[in-house]
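Dear colleague,

Please find below the structure that I am handing over to you. My findings follow it, grouped by topic.

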Amino acid sequence: MSVTSATSPSSTAAVTAVSYWAQHAWLPHPNGPVVERDVLIATGPGGLITSVTPDSGPCPPGAVRLDGLLLPGQANAHSHAFHRALRGHVQVGSGTFWTWRDTMYRFAGALDPDSYLDLATAVYAEMALAGITAVGEFHYLHHAPGGARYTDPNAMGEVLIEAAARAGIRITLLDTCYLSAGFGAEPTKPQQRFSDGDAQAWAERADALKPREHARIGAAIHSVRAVPAEQLGTVAHWAAMRRAPLHVHLSEQTAENDACLAAHGVTPTRLLADHGALGPRTSVVHATHLTDEDVKLLTDSSTTVCMCPTTERDLADGIGPARRLASAGCPITLGSDSHAVVDPFEEARALELDERLRTRTRGHWTANALLRAGTEDGHASLGWPEAGRIEAGALADFTVIALDSVRTAGPPPRLGAEIAVFAASAADVRHVVVGGRHVVRDGAHQLVADVPGALRSAIGALDY
């Protein structure tokens, strides 16, 4: 397979100096973010914001007018792009996480580099339409069915990087080590295409992946059940030597905890800690079923926790201790994971609303805190610390939502953060700019002409 690379979102060949005038913008402030009006944002070559001027007066000639509320671009910190094909199919009947997984394996087995490029491009374009400017792709679909290697061993990862470029968003490819069906078990037939054999072979293959302007490379441990304990350190060391993000699924199901205790006498969190896999560059995903010691291990190590509320409720995982972790100092990020829906505003509000159901009290997070989880903290967890804020020197990545839709009309603009988190949806996204490049304009994707059609075609072509 060969592909012609698209222009990356921050390419200086494609982006020149542009000024944007925002009717309202959510901006950093020493006492916490505030909504300012008439905000002029200048961008320059390289896709950086060069200046931000609130209360600038009317939109000046030559500036691009953005009516509504301007926010930093949203970071989707946890994605499995191919899971998008499962939408609808896995809502038939009942079952558990484990029966859902059987369906997921069937779809995974239908993909090759060509079909995955088509699907991922459409999925990332859907993300752009929802206001997402960067995605963390937790990628373990490495090889051909049965485990045969493609001519380029990274063919499947490369098409994900290319798909992000075609959709106009940034990507952190979290290349995932996945070696076992469980503690001491060989990969099952569907899992054979995930495995490199051992962690050293995984590291050698991952070494060949190179960052681009729009793409950075990180690592992932699929889970403690999928990487033998004695090989966890290899993956952690690979990430540490490159100062790269390291992500891992953690304690999503009680069955994983029980199996880990039976095999090693410790919880999955303790096992990761004992092998050097926790720390400020690590994000654990889900963290639904934790002990008191687990919480302390995560907070003491400054590990980030990525919550995926729409997937966690779709799979009946449970409600994790996000508030407790955040109160203890863990940064919280958000991901759409299986893409039951792609809506960063729904993920943010679900974090608060699920906690309200669990505790029967309200007000666990402010809207500002939830927006930060989906922007600045999410980007930092993906290795893009220069994104997620509207300020000079930051990447010119931002999203504009309508304040006059049937969902958002009525409240005053000064409540923009509350409107965004507790009322808006992906359908309210009007503009998306990535690296100073207008990727979504007036609700229409500028690079993928027909996103619903692209999704329909890519998913319909799969022989599952």
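A search of the whole structure, which is a predicted model, finds zero disulfides.

Salt bridges, by contrast, are present: the structure holds 25 of them. One of them joins E126 to R87, with the closest N and O atoms 3.3 Å apart. E126 belongs to helix α2, whereas R87 sits in the loop between β5 (74-79) and α1 (97-108), so this pair ties together parts that are 39 residues apart in sequence. E126 is buried, with a relative accessible area of 14%, while R87 is partly exposed at 31%.

A second salt bridge connects D274 with R270, at 3.2 Å between the closest N and O atoms. Both residues lie in helix α7 (residues 268-274), four residues apart, or about one turn of the helix. In an α-helix there are 3.6 residues a turn, so residues three or four places apart point the same way. D274 is partly exposed at 47% relative accessibility, and R270 is partly exposed at 25%. Elsewhere, salt bridges that share partners join R372, E376, D377, R389 and E391 into one network.

Helix α2 itself covers residues 113-129, 17 residues in total, and spans 24 Å from its first C-alpha to its last, close to the 24 Å expected. Of its 17 residues, 14 are buried, so the helix is largely enclosed by the rest of the structure. D112 caps its N-terminal end, with a side-chain oxygen 3.1 Å from the backbone nitrogen of D114. Just after α2, G131 takes a positive phi of about 95°.

Finally, the model contains an open sheet of eight strands with mixed pairing, in the order β3-β2-β1-β4-β13-β14-β15-β16. β3 (48-53) and β16 (444-445) stand at the edges; each has a single partner strand, so one side of each is left without a neighbour in the sheet. Within this sheet, β1 (residues 18-27) and β4 (residues 64-72) pair in the parallel sense over five bridges. The bridge partner of H24 in β4 is L69.

Yours sincerely

How values were computed:
Residues are numbered from 1 along each chain as its sequence is written. This is a predicted model: local features need pLDDT of at least 70, side-chain atom pairs count only at pLDDT 80 or more; totals for chains, interfaces and linings use all residues. Side-chain values use heavy atoms; hydrogens and water are left out. Helices (H or I, at least four residues) and strands (E, at least two) are DSSP runs, numbered from the N terminus. The expected span of a helix is 1.5 Å times one less than its number of residues. Buried means under 20% relative accessible area, exposed over 50%, partly exposed in between (1.4 Å probe, protein chains only). A polar contact is a pair of N or O atoms within 3.5 Å; within protein, one must be able to donate a hydrogen and the other to accept it, and residues adjacent in sequence count only if both atoms are side-chain atoms. A disulfide is a pair of cysteine sulfur atoms within 2.5 Å. Two strands pair if DSSP finds at least two bridges between them. A salt bridge is a side-chain nitrogen of Lys or Arg within 4 Å of a carboxyl oxygen of Asp or Glu.
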